[in-house]
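Subject: Structure handover

Hi,

Here is the structure I said I would pass on to you. Please have a look at it first, and then read my notes below.

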Amino acid sequence: MTKKITVAIEIADTGCVKTLVEALKNLPGVETVQWFAGTGEKGSLAVKESPEVIIIDDQRETSFSVTERISKLHHAFPQAAIFVVSADTRPEHIVAMMRAGASQFLVNPINPNALSNAIEEIRVRLATSEKTTKGTVYSFISSKGGLGTTVITVNTAVTLARNRASKVALCDMSLQSGDASVLLDLLPATTITDLSRNFHRLDASFLRGAMSQHRSGLAFLSAPADPEESGEVSPEQIARILDLSRQLFDVVLVDCASMWVADRTMEIFNLSDKIFIVTDLSVPAVRNAARLCKLIAKLGIEQKRIEVVVNRYHKSGALSIEEVEKTLKKPIYWLFPNDFVDIVSSINQGEPIVEKQPGAPFAKNIIEFAEKLGNPRADASYRGIRGAFGKAI
Ligand SMILES: Nc1ncnc2c1ncn2[C@@H]1O[C@H](COP(=O)(O)OP(=O)(O)OP(=O)(O)O)[C@@H](O)[C@H]1O
Ligand SMILES: [Mg+2]
């Protein structure tokens, strides 16, 4: 079956639009929509469609330059290919358009064959990309409130995003008291509530449009601004949001509500490649971590997807690592050091510690943790802290 392609045309010149519409009409499985100048640049919430192709020209009918338009459209419709129609065939102009992110340069007047080839190329690309693997989902949950899960999740996400090697998203699914936006110093105009209220039209570009961009490159989906809205988000919606996120991003990190495992958390766990349970070395937290491990296993999730990590590690904790491992019947995956002063100052300034003070003990440790995540063959015995003579603890 021919894959259906929606083409949005955002061009003011009516003659050019007419030629395009006529040529596209002759192609199978192509639906054409027309957008007013500048509409697509306002983001996916401004339009109904989520096109596979957006065709613009390089005439200045909006307040943005053509390269700015391409970049804005890319951000709002990451899945769409952008075609630029132009009569300016100077090589330097063509190169500038392609550098800005255009995937096709179409000479005006339009040659229907060139347009048809360009659309078919997109169809082939879409068919292939649907077969490719989805992004990796890491979820983080505290065994007890206030153990530092949000600090760990946000800093790991920012570290991975700063690498620029992969597309990274952070979803704040601590729905009642999500505060990841505070740590990132972002004031998102849209939150997960907007996705829930517009669930019927939720698709990849709508999701992307509801996310905020952090300077590190991280895409961020905020928890509801008002805790009262948290009840509106259903388990089904959580599952759909995460599934779309892993289609859009290489790595998706989820900050879960502490301890409490309800249907919504189960959906997150089901879709997670790894679930990190955060504990400290206190008796109540470790006891809860053991309960959580058991509960997750009962859901049918394999043990190898569950990892326990210790935050605020210091040698004189109430329990030793050996005691904790015995209680949990599994090895500890990672130890994050106690670094109260540096972390509090980073939280107060809304600047993740890995950006603000990459040399601080906690930041250095997070950077190594992010490396271990990206490299499953990394030294399994090293888990963040070295003891005497540099030996891994
Ligand atoms: N490694 C650490 N060393 C010292 N203090 C830490 C460390 N990690 C976190 N903290 C402190 O713990 C506090 C709580 O952290 P955070 O909000 O990340 O916890 P949480 O588990 O997400 O809590 P909640 O249950 O509210 O979601 C932070 O304000 C910070 O002061
Ligand atoms: Mg938290």
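Around ligand 1 there are 21 residues, and the ones that come nearest are Gly 145, Gly 148, Thr 149, Thr 150 and Ser 258 (near here means that the C-beta atom, placed from the backbone, lies within 6 Å of the molecule). Helix H5 (149–162), strand S12 (306–313) and helix H13 (340–349) are the elements that give two or more residues to this shell. Helices (H or I, at least four residues) and strands (E, at least two) are DSSP runs, numbered from the N terminus. H13 gives the most to the shell around ligand 1, namely 4 residues. Sorted by class, the shell around ligand 1 holds 8 nonpolar, 11 polar and 2 charged residues. Ala, Val, Leu, Ile, Met, Phe, Trp, Tyr, Cys and Pro count as nonpolar, Asp, Glu, Lys and Arg as charged, and the others, Gly among them, as polar.

Two notes on conventions before you go further. This is a predicted model, in which local features need pLDDT of at least 70 and side-chain atom pairs count only at pLDDT 80 or more, while totals for chains, interfaces and linings use all residues. Residues are numbered from 1 along each chain as its sequence is written, and chains are lettered from A and ligands numbered from 1 in the order in which they are written.

Axes are lines fitted to C-alpha atoms, for helices over the stretch in contact, and angles run from 0 to 180 degrees between N-to-C directions. The crossing of H5 and H15 is right-handed; a crossing is left-handed if the near helix is turned anticlockwise from the far one by less than a right angle, and right-handed if clockwise. On the H5 side, Asn 155, Thr 156, Thr 159 and Leu 160 meet Ile 366, Ile 367, Phe 369 and Ala 370 of H15, where contact means C-beta atoms, placed from the backbone, within 7 Å. This contact of H5 with H15 has 5 nonpolar, 3 polar and no charged residues.

Helix H9 (residues 235–248) and helix H10 (residues 263–270) have axes that come within 8 Å and cross at roughly 25 degrees. That makes H9 roughly parallel to H10, and their crossing is right-handed. Pro 235, Ile 238, Ala 239 and Leu 242 in H9 meet Asp 263, Arg 264, Glu 267 and Ile 268 in H10. By class, the contact of H9 with H10 has 5 nonpolar, no polar and 3 charged residues.

For helix H11 (residues 283–298) and helix H12 (residues 321–328), the axes come within 9 Å and cross at roughly 30 degrees. H11 and H12 are therefore roughly parallel to each other, with a right-handed crossing. Val 286, Ala 289, Ala 290 and Cys 293 of H11 make the contact with Val 324, Thr 327 and Leu 328 of H12. That contact divides into 6 nonpolar, 1 polar and no charged residues.

As for the domains, the chain is divided into domain 1 (5–129) and domain 2 (136–390), with bounds from an automatic or database domain assignment. Their C-alpha centres lie 38 Å apart, and the contact takes 8 residues from domain 1 and 7 residues from domain 2.

Finally, two backbone details. Asn 108 and Pro 109 are joined by a cis peptide bond, with omega about 0 degrees, and Pro 109 is found in the loop between strand S5 (104–107) and helix H4 (112–129). Asp 185 is not a glycine but has a positive phi of about 55 degrees.

Best wishes

How values were computed: Angles under 35 degrees count as roughly parallel, over 145 as roughly antiparallel, 65 to 115 as roughly perpendicular and the rest as oblique. Two residues are in contact if their C-beta atoms, placed from the backbone, lie within 7 Å.
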